[in-house]
Amino acid sequence: MGDANAKVGPDSISYEEVMGKQGLGVMNDNGERFADFCSLNDLVIGGTIFPHKDIHKAAWVSPDGGTEKQIDHICISRKFRRSLQDVRVFRGADIGSDHHLVIATFQLKLKRYSRNPTTKRLKFQVNLLQGNKITDFGITLKNRFQPLEHLDEDMETYWSQVKDSFISTCKEVLGEKDYKHKDWISQESLNRLSERREKKAAVNNSRTRNEKEAAQREYSDAAKEVKRSIKNDKEAFTNELAERAEKAAQGGHMRTLYETTKVLAGNRKNTEMPVKDAEGNTIFSQELQMTRWVEHFESLLNRPPPIEPPEILPARNDLDINCEPPTLEEIENAVSLLNPKKLQDRIIFLQKH
């Protein structure tokens with residue numbers, strides 16, 4: 001849990017089962033509420049258990065570098081408390097934020113599950129099959145197929161040789177696919193990420209406050225450049241997919257259109273919830289579901305009035321609200337804040353109607 005401005009501090013009196021004595025700072029109101037929440041839900045605040053330096057406890061640093069707080073926490077169920085090995089802040093993680101990364105180390109003893117070993121599915125960089133790469137791939141594959149022309153073997157052996165030829169050619173010409181980053185992130189963005197990582201290291205290695213403030217400003221600028229570059233890459237990637245889908249639709253290539261649309265839509269989960277009757281049984285018929293919704297809203301909206309209506313006290317102070325019609329100056333100020341293009345379209349619409 002993070003950014004709730006909950007400082008728990010080292011004082012664990014009356015919260016011995018929830019936290020340790022290694023917290024940073026002094027408990028505030030949000031920290032007390034957070035500790036009560038953990039107590040009600042049998043949770044343990046991991047960052048208060050393990051002793052570390054203060055720089056490895058503070059998860060948030062102010063822009064001027066003068067204030068450090070422990071307001072990001074990792075909680076774990078009390079029954080898994082012994083599985084928690086360590087919780088600390090890693091200041092070197094480059095995440096483009098004024099919050100540091102909080103990492104917990106777990107060691108779980110799970111029941112051993114044996115299964116048959118499966119072969120890893122190989123994926124190659126097929127996006128490189130453009131231009132000269134296609135020619136190189138064809139020549140290499142043809143050279144590997146030549147010894148198979150006069151091979152007098154059974155079908156299984158012949159298929160194994162063909163498959164090995166394809167795999168070896170793909171490994172040699174294309175190479176296996178790398179999953180380190182998204183395909184649409186450009187090399188320029190990756191270079192900016194490396195620069196931001198260097199700026200982050202400079203912030204952590206600063207000795208004086210002036211050096212740290214200067215390094216922090218450079219890091220903030222680098223983080224903005226990274227976000228801007230990745231945003232441009234994502235926009236270019238989306239536009240390219242949209243053009244590909246449009247061309248596929250015009251050419252009647254339904255398979256390409258479906259695959260491109262699927263990539264554009266992304267992974268979307270079905271958010272529909274099952275409809276249940278008054279006894280808790282799931283209703284599958286659409287007609288019965290509609291009937292159940294009618295019953296639900298009739299019981300919800302047609303409730304009898306409360307026996308003891310709540311007593312609503314009048315406001316202590318009357319608000320100074322001007323109910324007079326707006327003046328000409330106020331109207332001119334409001335019109336000046338409007339978008340000129342939208343204002344012009346609105347005027348044309350009113351003139352036509």
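This is a predicted model: local features need pLDDT of at least 70, side-chain atom pairs count only at pLDDT 80 or more; totals for chains, interfaces and linings use all residues.

Trainee: How many disulfides does a search of the whole structure find?

Mentor: The search finds zero disulfides.

Trainee: And Cys170, is that buried or exposed?

Mentor: Cys170 has a relative accessible area of 12%, and it counts as buried because the cut-off is under 20%.

Trainee: What about Cys323, buried or exposed?

Mentor: Cys323 is exposed, and its relative accessible area is 71%.

Trainee: Changing topic, how many aromatic pairs are there in the whole structure?

Mentor: A search of the whole structure finds three aromatic pairs. One of them is formed by Trp293 and Phe297, whose ring centres are 5.9 Å apart.

Trainee: Why is that pair of Trp293 and Phe297 called stacked?

Mentor: The planes of the two rings lie at 25°, and planes under 30 degrees apart count as stacked, so the Trp293 and Phe297 pair is stacked.

Trainee: Where do Trp293 and Phe297 lie?

Mentor: Both belong to helix 7, which covers residues 286–301. They are four residues apart, about one turn of the helix.

Trainee: What is the relative accessible area of each?

Mentor: Trp293 is partly exposed at 42%, and Phe297 is also partly exposed, at 41%.

Trainee: One more topic: which residue lies over the face of Phe90?

Mentor: Arg88 does, at 4.3 Å from the ring centre of Phe90.

Trainee: And what sits over the ring of Tyr219?

Mentor: The charged end of Lys200 is placed over that ring, 5.4 Å from the centre.

Terms used: Residues are numbered from 1 along each chain as its sequence is written. Side-chain values use heavy atoms; hydrogens and water are left out. A disulfide is a pair of cysteine sulfur atoms within 2.5 Å. Buried means under 20% relative accessible area, exposed over 50%, partly exposed in between (1.4 Å probe, protein chains only). Rings of Phe, Tyr and Trp (its six-membered ring) pair if their centres lie within 6.5 Å; planes under 30 degrees apart count as stacked, over 60 as edge-to-face and the rest as tilted. Helices (H or I, at least four residues) and strands (E, at least two) are DSSP runs, numbered from the N terminus. A charge sits over a ring if NZ of Lys or CZ of Arg is within 6 Å of the ring centre and within 35 degrees of the ring normal.
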